[in-house]
Amino acid sequence: MPDQPELTIQGWGPPPAGAGNDADAARASLDGALSKAARRHLAKELGWTPRATPPVPVGDIRIAPSRLPETARAALVELLGADNVRTDEESRLRRAGGKSYLDLLRRRGGDASDAPDAVVLPGTTEETAALLALCSDHDVVVVPFGGGTSVVGGLAGADPDDRPSVAVDLARMASVQDVDVPSSLVTVGPGMRGPALEDALARQGLTFGHLPQSWEFATVGGYAATRSAGQASTGVGRFDELVARMTLATPSGVLELGHPPASAAGPDLLGLALGSEGTLGVITELTLRVRPRPATSSYEGWSFRTWAAGLAALQQLARLDLLPDVVRLSDHDETRANLLMASGTGAKLLRGSLRTRGHGEGCLLVLGWEGLPELVRARMRAAASLLRDGGAIRLGRAVGESWRRHRFGAPYLRDSLLDNGLLVETLETAATWAALPTVYDAVRRALRTALVRDGRRPLVMTHLSHGYPTGGSLYFTVLADRDDALPIQQWLTAKRAATDALLAAGGTLTHHHAVGADHRPWLEREVGPLGVEVLRAVKERLDPKGICNPGVLLPD
């Protein structure tokens, strides 16, 4: 198993060189992450005074002794080998929860109460199936673990009966099993990460093209378990559209799902397993639809005077099947923040150009096009005509390429902001073109109302991405002065208000982050009481003892 970079225990990426757990290090981290103009903007908008709120030293994180019964541990060692059954504190701590704001608050405060009692690493479907049967017999909870990037509490493994738990780390199943070039299919293990998959496919002149913000660390098994969407999903398709076949090991046996290229043999059981979030079993193999590597790509920036004008233009592109592969429309607040965070002569020239052309900060639109050169040029020309008719001005390729270079940077910036007294979190939804303006207004209003505190107000930034003929996804980034006394309750109150608001306005419960623990109280509102009962019945058949990732997806 090749070594892979790991997420840090209390954040996303590694801390800046020389950073420690003191105020000077926290300030240095923030100075390196944000321009002076951006810091002034945030202080003014939020009523925020930067202050050092560093995490406790990793060595001070509280982790309880393993509760895994010796009989279960011995049986697991016999099945997998001693090297693949780990109960040491570091192994357990590295698989404690995901990377949501609430996960990080707890870890930064020294709480690892959600750490598994052991980490196990199966190497095959057969070992995984035997592992699940063994854990079912011993009443041990099982939580699949890929990259650890869940932002909705998808890895907590909260069990109502408080049984011992193991994290099933899929890192040993992280290779390409087969590449079928004529059929444009690749079969891979669930532990394979995005960069490794792209490297392997590039040698065959192919690409998968699924690029979520977590791409550096997330795994294809995690993509499948959560029905992920990537930054290029408008053109390439969501992950669930790219899965041709899946192997799912359950406590009751192994399911082989999907028959490419297509089948009409009854309901689609593959679709039932996609998005099941580890509640039915462990994904052990995936066959994915791939495509030739694009011969050319072009990313460019445009600007609209208003958010409404940008939405209207994208709706027109969608209606005429002219949407690009990547589409990202930022509202005024996000555009302004992005322009202030950008540095250098190019950023200053761009701000000046927007002002002189009557757009102020405007609403920034980033478009990305990939494919054969002649087709890319034709698509860009057709879209440009409609965009100009809608009042857009073209900012050029430098803006688009800048976004592409920094597309994975936001989670690293979050680490620095958390070190300096800020609440930083995201939420997302999707809605039809008709409902998008209402959902946008409702969520922003709910967040602003819930997070106003002593005259300090939040900054709610929004962008539209993942366009469809019928609508799009809205992604909200929230910054606020953190309530140091009750930080968890501060966000839970805001999250509850925003979720109630988006559902009432016609939005989906989630577009690509999944349900996890955070959204499960609202699942019934989206799928209905009978829908929940159908899912419960499937789980009871496949996982009769309820050991597979309890506490996520299905409401109490």
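**Strand pairing, helix packing and salt bridges**

Strand β1 is joined by two bridges to strand β2 (residues 118-120), and the two run antiparallel; strands pair if DSSP finds at least two bridges between them. Helices (H or I, at least four residues) and strands (E, at least two) are DSSP runs, numbered from the N terminus. The model is predicted, so that local features need pLDDT of at least 70 and side-chain atom pairs count only at pLDDT 80 or more, whereas totals for chains, interfaces and linings use all residues. Residues are numbered from 1 along each chain as its sequence is written, and side-chain values use heavy atoms, with hydrogens and water left out.

Within β2, Val120 stands opposite Val85. Both strands belong to an open sheet of four strands with mixed pairing and the order β1-β2-β4-β3. Its edge strands, β1 (85-86) and β3 (141-145), each pair on one side only.

Strand β14 (residues 363-371) is mostly covered, nine of its nine residues being buried (under 20% relative accessible area; exposed, over 50%; partly exposed, in between; 1.4 Å probe, protein chains only). One side of β14 presents Cys363, Leu365, Leu367, Trp369 and Gly371, and the other Leu364, Val366, Gly368 and Glu370. Strand β12 (residues 296-304) pairs with β14 in the antiparallel sense over nine bridges, with Glu300 and Leu367 as bridge partners. Antiparallel pairing over four bridges also links β14 to strand β13 (residues 326-330), where Leu329 stands opposite Leu365.

The structure holds 30 salt bridges, each defined as a side-chain nitrogen of Lys or Arg within 4 Å of a carboxyl oxygen of Asp or Glu. In the pair formed by Arg67 and Asp162, the closest N and O atoms are 3.5 Å apart. Arg67 lies in the loop between α2 (36-46) and α3 (70-80) and Asp162 in the loop between β3 and β4 (165-169), so the pair ties together parts that are 95 residues apart in sequence. Arg67 is partly exposed at 38% relative accessibility, and Asp162 is exposed at 53%.

A salt bridge also connects Arg163 with Asp139 (3.2 Å, N to O). Arg163 is buried, with a relative accessible area of 12%, whereas Asp139 is partly exposed at 33%. Arg520 and Asp556 meet at 2.7 Å, N to O. This pair links distant parts of the chain, 36 residues apart: Arg520 is in the loop between α18 and α19 (523-542), and Asp556 in the segment after α19. A network of salt bridges links Arg51, Arg453, Asp454, Arg456, Asp481, Arg482 and Asp484.
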